[in-house]
Amino acid sequence: MNPSIGNVPKPSVNAAPAVPKVSSNDGIQSVHDLKQAQAQGQNIPISEQQLVKAIERAIKAVEGTSTTLDFSIHEQTKHIIVRVLDKSNGELIREIPNEKSLDFLARVWEMAGAMVDERR
């Protein structure tokens, strides 16, 4: 038996993880920190301000040089409508989902509710 191989210590089963622990007191400063904390099973709450900033960054990343995004909520169905607008003149390029479709859906729901009420 080769003595140099026989003298190598066996790794400990209970060894600490190689990734340093992210303390929730330190705060999460990057996506890497967040992934590291999640890998360690930590629950990292985020504030509304952090959420709004993340959404704003995502919107800016999606917007083109000549387009902008407008978000609204359809009153009857409570669905979110995204409108793609031309930055230069404000003209509607695309609407997802189409507001007319949501109006139709609201009427169907209203009619279905009336039918249920009539059966009682």
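A salt bridge here is a side-chain nitrogen of Lys or Arg within 4 Å of a carboxyl oxygen of Asp or Glu. All views show a predicted model, in which local features need pLDDT of at least 70, side-chain atom pairs count only at pLDDT 80 or more, and totals for chains, interfaces and linings use all residues. Residues are numbered from 1 along each chain as its sequence is written, and side-chain values use heavy atoms, with hydrogens and water left out.

**View 1. Glu-95 and Arg-83 form a salt bridge.** Their closest N and O atoms are 2.8 Å apart. Strands (E, at least two residues) are DSSP runs, numbered from the N terminus. Both Glu-95 and Arg-83 are buried; buried means under 20% relative accessible area, exposed over 50%, and partly exposed in between (1.4 Å probe, protein chains only). Salt bridges with shared partners join Asp-70, Arg-83, Glu-95 and Glu-99 into one network.

**View 2. Arg-83 also meets Asp-70 in a salt bridge.** The N to O distance is 3.7 Å. Again the pair links distant parts of the chain, with Arg-83 in E2 and Asp-70 in E1, 13 residues apart. Arg-83 has a relative accessible area of 16%, so it counts as buried. Asp-70 is partly exposed, at 31%.

**View 3. Three strands make an open sheet.** The order is E1-E2-E3, with antiparallel pairing. Strands E1 (67–73) and E3 (92–96) stand at the edges with a single partner strand each, so one side of each has no neighbour in the sheet. Neighbouring strands are turned by 20 degrees against each other on average, direction ignored. Axes are lines fitted to C-alpha atoms, and angles run from 0 to 180 degrees between N-to-C directions. Two strands pair if DSSP finds at least two bridges between them. E1 and E2 pair over seven bridges; Ser-72 has Ile-81 of E2 as its bridge partner. Four bridges join E2 (residues 80–86) to E3, where Ile-96 is the partner of Val-82.

**View 4. Hairpin turns connect the strands.** Six residues lie between E1 and E2. In this turn, Lys-78 has a positive phi of about 65 degrees. Lys-78 also forms a salt bridge with Glu-75, with closest N and O atoms 3.9 Å apart. Both Lys-78 and Glu-75 are exposed. The hairpin of E2 and E3 has five residues between the strands, and Gly-90 takes a positive phi near 75 degrees.
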